Amino acid sequence: VKTIPNQSEWSYEIDGRPFFRMAFGDESNATNYSYSTTLSTPPPPHSTTWREFHTRASSRYNPPPIGMKPVQHVPRGVSSITPNGRHKSLLIGINYTGTRAALRGCINDAKNMQTLLLKNGFPNDGSHMLMLTDERHRGSEYQPNASNIMKAMSWLLKDAQKGDVLFFHFSGHGGQVPDKTGHEADGFNETLIPLDHTRAGQISDDVLWGSLVYNLPEGARLTALMDMCHSGTGLDLPYDYNVNTRRWTEDVNPAHSRGDVVLFSGCEDSQTSADVQGYSGAGGAMTLAFTKAYQQCSSSTYHEFLSVVKRELRKKRHSQRPQLTSSQQFDASSRIFSLGHDNGGITSMIEPNHNPQVGRQKRRHVRPARQGFGRAGGGNDLFGLGIAAVGAALFADALF
């Protein structure tokens, strides 16, 4: 006798119709339904180098289609997806050398993150790892200007597929500009500041979401670390984790997607992030706390890891409060956090898609807020240096 499985075990077609799978015949040979995916033949390594990609890629931003679209999804609690062993990373550190807004530790942040990733299964070659820094001895294709950053985000997601593990890191100035669309709860778009921001403008969280989040396929994982001012919702992810209540809060006007994207940000949207002197030299307070916490916490859960990062920042008397946002809701108290696909012998799984629709949903119109941006530390706050006037110019507006 067969019974209909519990609704928590159902999956859903793109049109919203539910379905479930049942095994018949000899129970000893029956295979229970599970969403977990293990590839019998691992995909080949990535083969497109940054230099090859850079010469022919466009920096033009193509925004996602307007409105919501139904997609296949599974309920929370269904088995996770097994990584396929492929890793790819993009690291950006900008010191703004020679400007009044110069920082000291952002290039160090990128290099420290590179060291940490190399210890966790990420290859260091032109097809799997890319670092953009404003060091004078590096070629023009490695300078973190707006065009290169846009191309680099496209390179990171090129050929991404189910089971891939990706990492994105940005250390530099962050800003805020009034959100004219009425989507943002605080009335601001958060931005990252490229090296050539006075000419090309800022890159908004709308553009980052459309470039890094929306296009990530279901079953692939992207972990991001943004060490900059106003970085709390820097990727416009719809779910914000509260470490005290251990619950997720959905954004007022959420932007949903298929992939598994998690962002650790250095502070709340309304806060600044510090550029400090750390145990290994100058660096961003969040990156230093993140790398130290990862070295201390082996096989910790997302909740435990975020708690340790917060503790490290408090120990240094930093007032900034790190944030955890995600494209998918999951149990942060049980899910193991890992940069790579393996953490001390424990496979770090990928969360399947739980969102029945993808796209930007507008439930309530929010009036635009007033403007200001910067990063704290050493008097290098962009706001007040006469550069804030360019804040209204976003990358997409400035170039196209």
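Predicted model: local features only at pLDDT ≥ 70, side-chain atom pairs only at ≥ 80, totals over all residues.
1. Start with the geometry. Helix α3 covers residues 146-157 and helix α5 covers residues 205-213. Their axes come within 9 Å and cross at roughly 30°. Angles under 35 degrees count as roughly parallel, so α3 and α5 run roughly parallel to each other.

2. Who sits at the contact? On the α3 side you'll find Met-150, Met-153, Leu-156 and Leu-157, and they meet Val-207, Leu-208, Ser-211 and Leu-212 of α5. Sorted by class, this contact has seven nonpolar residues, one polar residue and no charged ones.

3. A quick reminder on helix spacing: an α-helix has 3.6 residues a turn, so residues three or four places apart point the same way. Keep that in mind when you look at the contact residues, with Met-150 and Met-153 in α3 and Val-207 and Ser-211 in α5 among them.

4. Leu-157 is worth a click. This residue belongs to α3 and has a relative accessible area of 11%. Buried means under 20%, so Leu-157 counts as buried. Leaving out residues up to four places away in sequence, Leu-157 touches Leu-166, Ser-211, Leu-212, Asn-215 and Leu-216.

5. One pair from that list shows how the chain folds back. Leu-157 and Ser-211 are 54 residues apart along the chain, yet their C-alpha atoms are separated by 8.5 Å.

6. How much of α5 is buried? The helix is mostly covered, with nine of its nine residues buried.

Key: Residues numbered from 1 in each chain as written. Heavy atoms only, no water. Axes fitted to C-alpha atoms, helices over the stretch in contact; angles between N-to-C directions. Helix = DSSP H or I, 4+ residues; strand = E, 2+ residues; numbered from the N terminus. Parallel < 35°, antiparallel > 145°, perpendicular 65-115°, else oblique. Contact = heavy atoms within 4.5 Å. Nonpolar A, V, L, I, M, F, W, Y, C, P; charged D, E, K, R; others polar. Buried < 20%, exposed > 50% of the residue type's maximum accessible area, 1.4 Å probe, protein only.
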